[in-house]
Amino acid sequence: MEQTANAAALGRPATGVDAVVVLDYGSQYSQLIVRRVREAHVYAELWPHDVAWEDVAPLQPKGVILSGGPASVYEPGAPQLPRWVLERRLPVLGICYGLQLLVQALGGQVAPAAAREYGPATLEVVADHPLFAGLPARSTVWMSHGDQVTALPPGWEPLARSDNAPYAACGHDGLIGVQFHPEVAHTEYGQAIIANFLFRVCGCRPTWTPGSFIEQTTAAIRERVGSERVLLALSGGVDSAVAAVLIHRAIGEQLTPVFVDTGLLRAGEPETVVTVFREHFQMPLVVVNAAERFFARLRGVVDPEEKRRVIGEEFVRVFEAVAREHGPFRFLAQGTLYPDVIESAGPVSKTAAKIKTHHNVGGLPPDLAFELLEPLRWLFKDEVRAIGRALGLPEVIVQRQPFPGPGLAVRVIGEVTPEAVAMARQADAIVRQEIEAAGLASQLWQFFAVVLPTVRTTGVMGDFRTYANLCAIRAVQSTDAMTADWARLPADLLARISQRIVNEVPGINRVVYDITSKPPATIEWE
Ligand code: XMP
């Protein structure tokens, strides 16, 4: 019960929307399954494979999807199907390992495949089944398996085959398994297959929309907060911005958003925050101009980790002063997202509502213990963006590229001085303007300038020899920042950027382009 109460309190959209549960057997694609389901406007949550029915019951799931996984079902200790999955008589879609589990549990057989299958395969549909409604008889699917089904459980029928997998899809009633991965983009009709399972097999309705989320979450926030007050740190990024607008919509002026201008943000960002939140949304925004404090603390600091520590600590000091001056506050709101939740404690951490602020706004003193309010903890980034748009946030915030918390301090290599940050800011603005003007921004994960004030190189401007700073341009493509490739920007675009930086940014006389992928480099230079 406590979990249910917490879940509702945290804004879990558990009522009024149709939902399915995805059980995680360790596939690298588990989160992707959840995203695909939500793209079909059905709510899904990812849970460990041994989750108890009581934990998922509040969702009133209309179906279950079993993910793939690295184990073999016939090995001792292999992860099992929870008993409730079959007992509840819900429709089930088993993917890869999930298929094999279903087959084994119902009396069929699974064995190592004669030929392991990785990569594309041609799927041939052999039965008239709602899972394949509207699909052509043959299409490309993505396989990745070493085991396969060798005998079907009693009553099961083959639904589709491939060259190496006679039971590439099979099932009976609402129990269905597929050997391939419908969730990956390489499966030609993957999204259609998932949608068919949701709508034609489970009978779900497409009720998971920004509107339904906003409606339910504002109601949940109102109920949880009551007449108490909420403090929120706006960073300029999309997550805290969406959290602020959502909470403001729910409780109005009981929310105090705070924006700490560290002096380390990009050109125009502090102004945008003030315009959007104070003028457009009419929030009682507290703005703290703390640049001098930050630069004073950063004097002489060159080690990147030390920079991060100093900035984090100073941020807490400033925030603490605001909290005391404007408080008391019962709640601290944060823009924590679902991938962070999945990767840390599991979807519904039983203690989530009691975690103190040191979790994220590190090191606040004990008398400033808040309860956390995390209304986005069930959302993926693209969903946060869609909700931001539905709430009327402007594109400059909704589409803002990832920007490190320590800001331009990690884009100045070596000591962070106001002069070096000014160079980084001006160069960064030029990079952004040019890449946006070239229409390439949406294809890039991040693009920015790095300034190296400790490196001087020789140049010549007019009749004068210069001995000035080096600036590096970094532009990368990535889907999750775990890996990244340097972007093959057009040479004439690079030429324009270089020319403008050298001409317009005093102190820089040379520009280089970073052509290193991650790994072995990282995206940031520090
Ligand atoms: P790296 O440089 O490790 O960065 O490839 C991966 C992603 O994380 C961002 N990044 C940070 N974000 N605080 C943050 O909030 C930090 O200290 C930090 N350092 C790197 C980086 O911009 C990239 O998106």
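1. Let's start with the aromatic cluster: ring pairs join Tyr43, Trp208 and Phe213. Rings of Phe, Tyr and Trp (its six-membered ring) pair if their centres lie within 6.5 Å, with planes under 30 degrees apart counted as stacked, over 60 as edge-to-face and the rest as tilted. Across the whole structure, the search finds 9 aromatic pairs. In one of them, Trp486 and Tyr513 have ring centres 6.1 Å apart and planes at 75°, so the pair is edge-to-face. This pair links distant parts of the chain, with Trp486 in strand β17 (residues 485-486) and Tyr513 in strand β18 (residues 508-513), 27 residues apart. Helices (H or I, at least four residues) and strands (E, at least two) are DSSP runs, numbered from the N terminus.

2. A word on the basis of these notes. This is a predicted model, where local features need pLDDT of at least 70 and side-chain atom pairs count only at pLDDT 80 or more, while totals for chains, interfaces and linings use all residues. Residues are numbered from 1 along each chain as its sequence is written, and side-chain values use heavy atoms, with hydrogens and water left out.

3. Which residues surround the ligand? They are Arg308, Pro402, Pro404, Gly405, Pro406, Trp445, Gln446, Ala481, Lys518, Thr522, Ile523 and Glu524, where near means that a heavy atom of the residue lies within 4 Å. This shell divides into 6 nonpolar, 3 polar and 3 charged residues; Ala, Val, Leu, Ile, Met, Phe, Trp, Tyr, Cys and Pro count as nonpolar, Asp, Glu, Lys and Arg as charged, and the others, Gly among them, as polar.

4. The protein buries 69% of the 490 Å² that the ligand exposes when taken alone. These areas come from the Shrake-Rupley method with a 1.4 Å probe; for residues, only the protein chains shown count as cover. A polar contact is a pair of N or O atoms within 3.5 Å; within protein, one must be able to donate a hydrogen and the other to accept it, and residues adjacent in sequence count only if both atoms are side-chain atoms.

5. Lys518 is joined to Pro519 by a cis peptide bond, with omega about -15°, and Pro519 lies in the segment after β18. Ala481 has a positive phi of about 70° although it is not a glycine. Ala481 sits in the loop between β16 (464-477) and β17 and is partly exposed, at 22% relative accessible area. Buried means under 20% relative accessible area, exposed over 50%, and partly exposed in between (1.4 Å probe, protein chains only).

6. Leaving aside neighbours within four places in sequence, Val322 is in contact (heavy atoms within 4.5 Å) with Val258, Val286, Val288 and Gly327. Gly327 in turn is joined to Pro328 by a cis peptide bond, omega about 5°.

7. Thr187 lies in the loop between β9 (175-178) and α6 (190-201) and counts as buried, at 3% relative accessibility. A polar atom of the Thr187 side chain is 2.9 Å from the backbone nitrogen of Trp142.
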